[in-house]
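Please keep the sequence and the three-dimensional view at hand while reading.

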Amino acid sequence: MAMALPEGACDCHVHIFGPPERYPFAPDRVYTPGTADEEMLLALHRRLGIDRVVLVQPSPYGFENARMLAALNRLGERARAVAVLSPDVPERDLAAMKAKGVSGLRLNVDTGGVVDPDAIWAALATESERCARLGWHTQILTRLSVIDALESRMGTLPAPLVVDHFGRPDIDGPIDQPGFPALLRLLGTGKVWVKLSSIGRLCGPRPQDQIAPFIRALVNIRPDRLVWGSDWPHTGGGRGNRSVGKVEPFSEVDDEASLAALSHAIGDRATIHRILVDNSARLYGFQQ
């Protein structure tokens, strides 16, 4: 039985896939996922007690957001979305996406193995300028070494920046491991948000409560700049042995245990409400 969540709780990081014959994947993708559709997502959220959701454009679709937008339309007012777009998309198309519920743009540099800070900065600065014009945020999937290298520049971005998956720390390492103090300092500026997402993937075979020191360190800095996401349907089951020629299995992750780990680490219902409800409503534009 799922833990009781506050009304308006939001899962701020999920992906929708398939069917591939209707929504083809990008030829240059890193992996080929199976089907994870709206009905499967809604069944999970009913079980967990989740009322709202943020769809995040996954890398296998590249710049083609049709599957995500179809899901956004199907899910209605309970959903918002974060897109991935090429730099030459006309402003009128961006305005149309905003009207449908898109509230940010994502740079997924880590899945493609991009780790050069200067190359990432060039793309991030351009994306942030575009987001600032629309009142959106920029979301980035990268690693702590990049955050460490770009700390001073990230603090100058014109649009809010959202960092996926805790910045991808080494869960076996300390909270002062290289890069994590830089993330904490950026969080402290109020210009950067952190997604407490992908707890199951970060912990792997370890108990998910092992994430607790990282959650507490972030909560101690700016609890008003944190949101939670499940990262459903948990891609990466074939990580380390990926091939686009076969469907990669999703990882087996206990999403209820992820929420329990979050709750146990915080231990304060008001702060849990802030992270699951209030912060997500403000960042993604849900009605309070």
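**Burial, packing and open space**

Q: Is Leu-94 buried or exposed?
A: This is a predicted model, and Leu-94 has its place in helix 3, residues 91-100. Buried means under 20% relative accessible area. The relative accessible area of Leu-94 is 0%, so Leu-94 is buried.

Q: Which residues are in contact with Leu-94, leaving aside its neighbours within four places in sequence?
A: Leu-94 belongs to helix 3. With the neighbours within four places left aside, the contacts of Leu-94 are Leu-85, Val-89, Arg-130, Leu-134 and Trp-136.

Q: Where do the buried residues of helix 1 lie around its axis?
A: The buried residues in helix 1 are Glu-38, Leu-41, Leu-42, Leu-44, His-45 and Leu-48. Seen down the helix axis, they fall within an arc of 160°, so they line one face of helix 1.

Q: Against which elements do the buried residues of helix 1 pack?
A: Helix 1 spans residues 38-48, and Leu-41 and Leu-44 are among its buried residues. The elements against which the buried residues pack are strand 1, strand 3 (52-56), helix 2 (66-75) and helix 9 (255-266).

Q: Why does Glu-38 count as buried?
A: Glu-38 lies in helix 1. Leaving aside neighbours within four places in sequence, Glu-38 is in contact with Ile-16, Arg-67, Ala-70, Ala-71, Arg-74 and Leu-75. The cut-off for buried is under 20% relative accessible area. Glu-38 counts as buried because its relative accessibility is 10%.

Q: How far apart in space are Glu-38 and Val-84, C-alpha to C-alpha?
A: Glu-38 is part of helix 1. In sequence, Glu-38 and Val-84 are 46 residues apart; in space, C-alpha to C-alpha, they are 20 Å apart.

Q: What is the relative accessibility of His-45?
A: His-45 is placed in helix 1. Leaving aside its neighbours within four places in sequence, His-45 is in contact with Asp-11, Val-14, Ile-50, Arg-52, Val-53 and Arg-78. His-45 counts as buried, its relative accessibility being 1%.

Q: How many residues does the largest nonpolar core have?
A: In soluble globular proteins, nonpolar side chains tend to be buried together. In this model, the residues with the most contacts inside the largest nonpolar core are Leu-55, Phe-166, Ile-211, Ile-215, Leu-218 and Leu-276, and the number of residues in that core is 81. A second, separate core includes Val-82, Trp-193, Val-227 and Ala-281, and its residues number 12.

Q: Which element gives the most to the lining of the largest pocket?
A: The largest pocket has a volume of about 520 Å³. The elements that give two or more residues to its lining are strand 5 (102-108) and helix 4 (117-134). With six residues, the element that gives the most to this lining is helix 4.

Q: How many nonpolar residues are in the lining of the largest pocket?
A: The largest pocket is lined by 23 residues, and Gly-62, Phe-63, Val-84, Asn-108 and Val-109 lie nearest its centre. By class, the lining has five charged and six polar residues, and its nonpolar residues number 12.

Q: What is the volume of the largest cavity?
A: A search of the whole structure finds one cavity of 30 Å³ or more. The largest cavity is lined by 17 residues, with Asn-108, Thr-111, Leu-141, Arg-201 and Thr-235 nearest its centre. Its lining divides into three nonpolar, seven polar and seven charged residues. The space in the largest cavity is about 140 Å³.

Q: What is the omega of the cis peptide bond that joins Trp-232 and Pro-233?
A: Pro-233 lies in the loop between strand 9 (226-229) and strand 10 (247-248). Another cis peptide bond joins Gly-18 and Pro-19, with omega about -5°. For the bond between Trp-232 and Pro-233, omega is about 5°.

Q: What is the phi of His-234?
A: His-234 lies in the loop between strand 9 and strand 10. At a relative accessible area of 7%, His-234 is buried. Although His-234 is not a glycine, its phi is positive, at about 70°.

Key:
Residues are numbered from 1 along each chain as its sequence is written. This is a predicted model: local features need pLDDT of at least 70, side-chain atom pairs count only at pLDDT 80 or more; totals for chains, interfaces and linings use all residues. Side-chain values use heavy atoms; hydrogens and water are left out. Helices (H or I, at least four residues) and strands (E, at least two) are DSSP runs, numbered from the N terminus. Buried means under 20% relative accessible area, exposed over 50%, partly exposed in between (1.4 Å probe, protein chains only). Contact means heavy atoms within 4.5 Å. On a 1 Å grid over the protein atoms alone, a cavity is a set of points where a 1.4 Å probe fits but cannot get out, and a pocket is an open set with protein on both sides within 12 Å along at least five of seven lines; lining residues have an atom within 4 Å of a point. Grid points are joined across faces, edges and corners, and a volume is the space filled by probe spheres set on the points. Ala, Val, Leu, Ile, Met, Phe, Trp, Tyr, Cys and Pro count as nonpolar, Asp, Glu, Lys and Arg as charged, and the others, Gly among them, as polar. A nonpolar core is a set of buried Ala, Val, Leu, Ile, Met, Phe, Trp, Tyr and Cys residues joined through side-chain atoms within 4.5 Å. The arc is that of the directions from the helix axis to the C-beta atoms.
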